[in-house]
Amino acid sequence: MGDYKFARDKLADVLTSLKEYQVFAPAAVGDVLRFKEVTDPANVSLDYDNTTVPPKELMFPQTETLFKYRLGSTEVEPSVPDASKKRMVFGIRPCDAHAYSIVDNLYGWDFADPYYQKRREGTTLVGLACAEPCANCFCPSVGGGPASEKGLDALMFDLGDAYYVNSLTDKGEEFAKAAGLEAAGDADAKAAAKQGEDALKKVARSIDTAGIPEKLPSLYDHPFWEQFSDRCLGCGICTFLCPTCHCFDIQDEAEAFDARRARMWDTCMFSEYSLHTSGHNPRPTRKERTRNRISHKYSYFPEKFDVIACVGCGRCINHCPVNIDILDILDKSKQAEAKEAKTA
Amino acid sequence: MMDESNPYLPYIVNIEDARYETPGDRAIKTFRVTFADDKVWDTWSHSPGNCAMVGRLGVGEAMFCISSSPTEEGYLRFSIMKMGKVTRALHELETGDTMTVRGPLGNSFPMEEWEGKNIVTVGGGIGQAPLRPVINYVRANRDKYGELQVIYGSRTSEDLCFQDELGEFMTESGTSCHLSVDVEEEKWPHFVGFVPNLLMEVSPSPENAIAVTCGPPIMIKFVTQNLLKLGFAPEQIYTTLEERMKCGIGKCGRCNVGHLYVCKDGPVFSYETLKKIPEAFA
Amino acid sequence: MSEEFEPNIVAFLCNWCSYAGADLAGTSRMRYLPNVKIIRVMCSGRVNPLFLLNALQQGADGVLISGCHPGDCHYLEGNFYARRRFMLMRKLLEHVGVDPGRVNMSWVSASEGAKFADVVEETVAKAKEAGPMDQFRRRQINW
Amino acid sequence: MVDEKKLQEKARETLIRDDVRRLIGWKRGTYGFEAAPAVVTDASQAEQLIFDATCVANPASFIAIEEKKPVPRGAEPDTRKVAVMVKGCDSRAVVQQLVEKAYAREDVVVLGIPCLGVVDRRKAEKLFGQTGAQVSAKVDKEKVALDIGGDVKTVDRSNILMDKCLRCRYPNPLVSDFLLGEEVEKWADDDFADVDEFEKMSPEDKWKHWDEQFSKCIRCYSCRNVCPMCYCVECVVSKLRPQWTRRSTDISENTVYHVQRAWHLAGRCIECMECQRVCPVDIPIMTLNRKMTRDVKEMFEYEPGVDVEAEPMLACYNPQDPEEYIM
């Protein structure tokens, strides 16, 4: 669609002009970056690698009320978000936007999830292409890239003194109009394209995913998982920080007579995740849980929705305290010899 | 069907009858419920094998099979064993109380496909609950199905569910019933031993037959092995699985066995499907 | 002006001394402040510091743990363990910014009805000084 | 410094013993400033093992959290020992685990490593940026030399070592069966100046600080899981019956989680700083732990993880314990 630009020092003005949107942008709390609602446009900076906590929390908050009720009453009051309220994620990295388009499959599958979908509908995604990919990024290997347009409404490129904006959808056009962006010239478009190509070359890590979805189920009982699971702590870092991980727990909470049913992020790396009340656990050790995490992303999800549930953002690699490196696992899985697993 | 716009909202149901099937720490209580809002019945339809999230506001919900056949009209039945947080809270409820139901969820037994065949059900303990709708569906459509063999065992004779109905099966024509208990007890006229052994004792013919089994995971495993020994083909063997569940609609993730969600793609699977998925027997 | 703040106090009293002390205060018709909600436990050593945190979460503005005098414990040494625990828990909460006046402990024997009334008064006074517990009460969370 | 060849040789020797099941040490990570903990079961894997200033993880964390599947009927349980390589600080974890009888002394083979300090990934990344290279690091009494993909950088110790190393009082293992390398001289002391400094803040400022920090928490429980002292099979924060801590992430539950975590480590924390290292959202968890450590030391003259014969701090008492606030 349209090509636009705005000067670097006009960033605050652009954000100020987006009054009809609730705008979220990366913000620092100490050394940690997270998407926060913009309260002061003057404080927003787009000079960042990527946020620690992915912006999935904007569509799928870590804790979310499903409905409220009074204890003793049978009336429930749903807390479904209002899609007519316009929201914008400003400066989202292409990998995180790509993640939304993957997770959309699940939340739209058969039973539509109104909580996620209403938020998605009302939100405009304005991306920011990566000029300098991080050390553990591997987005091109899983269908993305530093300047991938997947899932985005508009994509910005940092060209030094100005941001070049390529609007990709009607929502993106609307953003350009609301922000009053000036038209960009050919030179800017070329510079952006060049930056995208250069960035792609700078992505240091990669994996050839061909054959992995078909192979993983054959490694069900394979001891190679233990090379990794033996040092797994069973914490939730890899999954909570993963932009495509979407599992949740549902709990009822009451405070005096006010109660709610809420859902909160959950992770297959916790033992209680799959623990039956009887005490039986189908995934009793970290070996099975590690296998489930990797298999879900690279085999089960593609089997169902035809797309790998990984966007190559590198967060699980960057933040794993014990260096369980998903690329290393996938690499080893390709070398491992398939074994017929035992069933009944 | 459920509220299309929000599958997380439960229906309120009134308990018309609550009674204990079995006593003890792990008592089984059967609830007969009907919707507080009569209009729900207009859109409600379920089949044998379907499940529902049953719960209590303020405590939570858990997945249970609907243990009544759709041929039993005007109510739903749930047989619930007292185990954890939710089931304990449900067991406190009595006739006249309300609980919540969200469903019907999951797939169901291909009852139409099975028409004209002999049906063998192999149940253990509370595993008889998902088999009950199959049995009652067959009994209500007697002319459409062949012989019905009910094979059922539990730890002790006290732990047998649906005792009032078991007697009927023994006398009804076209239906036979074989019971067992795990350990020897006084005045027990039937088989003593585990259900897989009872199955071998009864030794149903695989010819034009379908076997449906449900029980503890270990029992399912051995029953499946024995059915194969008896000559049943993998596509003749059906089971229902259970996993921990939260959403019941294929979103929350935890109930997967391999790439299948038990809540959505299941709980009913043929062994033909499951034999490719080792996790189903984990 | 709003009404004067009346704090909620949760008191964990040991069965053998302090609960009997509170009972004595009542049967002797001594007046003690009605802010206190008593939970009887078998021994002050049974009080898990999580109870304290949970009370503060659920709306208590102050907590009182009371047991037998050192050396008089019905179970010989339960109150010594409790003393160590709450000494530390108080320091920890202080480090987090919670007024240490919200965590109180006392030794009240079965014969000290008057002391119990005094202890309650002091506990309430400290909680009043600290003000409403609004730091990590569940109620303040906006669902 | 430890000779890597000797270390691998000793590891091999240990792994071929009939009574040793696995060995926990370190191996080079796939990238960056931290070595990965390594669990090896076969002598042929011994050549992966390393020790240098990037070996920050605490191998003692992995001893007690191992999940074992039920022993099949008729089979004998595997009672062979676990060998573990420990730095000075890591060895305190082993001592404290022994104090708590998490396992018996004869269940472990301890290979001690005198240590001159380890690199703080956060400090290194601030100085040199994130790197995809497999970094190795040599440390001496003044400098740390980092080899970042062939590019050698030398940094002052105080600018790059973990804070715990800058106040390390136990550079040599307090428990070991074999010592790999020469004992080193203690170079620092701990005056808890950071705790004193924090205590000067007003209660309002303290809460403002923690409100901000705890609000960030995503409750991934990595701080709990990495902690060598957090080895309960079922943790109180994950229990449903009774449910003390809810799973919802808000300031109330997060605060209680962190306070109770620090509380459960009172008199047990051996200051390996793993909790703070692994926190993905940089919560200064050690501030709470160090307050407890200081107070336990001052009030009860107790120091965890130094004496195998000691009793756990909260399982003993002194009739003369302080009680200044008790009415």
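Two strands pair if DSSP finds at least two bridges between them. I kept that beside me while reading this predicted model, where local features need pLDDT of at least 70, side-chain atom pairs count only at pLDDT 80 or more, and totals for chains, interfaces and linings use all residues. Residues are numbered from 1 along each chain as written, chains are lettered from A in the order written, and side-chain values use heavy atoms, without hydrogens or water.

**Entry 1: a strand in chain C**

I looked up strand S4 of chain C, residues 103-107. Strands here are DSSP runs of E, at least two residues, and helices are runs of H or I, at least four, numbered from the N terminus. Strand S3 (residues 62-67) of chain C runs parallel to S4(C), and five bridges join them. C:Ile65 stands opposite C:Met105 in S4(C).

Is S4(C) buried or exposed? Buried means under 20% relative accessible area, exposed over 50%, and partly exposed in between (1.4 Å probe, protein chains only). Five of the five residues of S4(C) are buried, so the strand is largely enclosed by the rest of the structure. C:Val103, C:Met105 and C:Trp107 point one way, while C:Asn104 and C:Ser106 point the other way. I noted the rule behind this: in a regular strand the side chains alternate between the two faces of the sheet.

**Entry 2: chain D against chain C**

Next I checked contact, meaning heavy atoms within 4.5 Å. In this interface 45 residues of chain D touch 41 residues of chain C. The two chains bury about 4,100 Å² between them, 68% of it on carbon and sulfur atoms; buried area is the accessible area (1.4 Å probe) that two parts lose on being put together, summed over both.

How many salt bridges are there between chain D and chain C? I found three, a salt bridge being a side-chain nitrogen of Lys or Arg within 4 Å of a carboxyl oxygen of Asp or Glu. C:Arg84 and D:Asp321 meet in a salt bridge at 2.8 Å, N to O.

**Entry 3: chain B against chain A**

Here 48 residues come from chain B and 49 residues from chain A. The buried area is about 4,100 Å², of which carbon and sulfur atoms give 59%. B:Tyr8, B:Lys251 and B:Arg254 supply 17% of the area that chain B buries against chain A, more than any other three residues.

I counted six salt bridges across this interface. A:Lys304 and B:Asp265 meet in a salt bridge at 2.5 Å, N to O.
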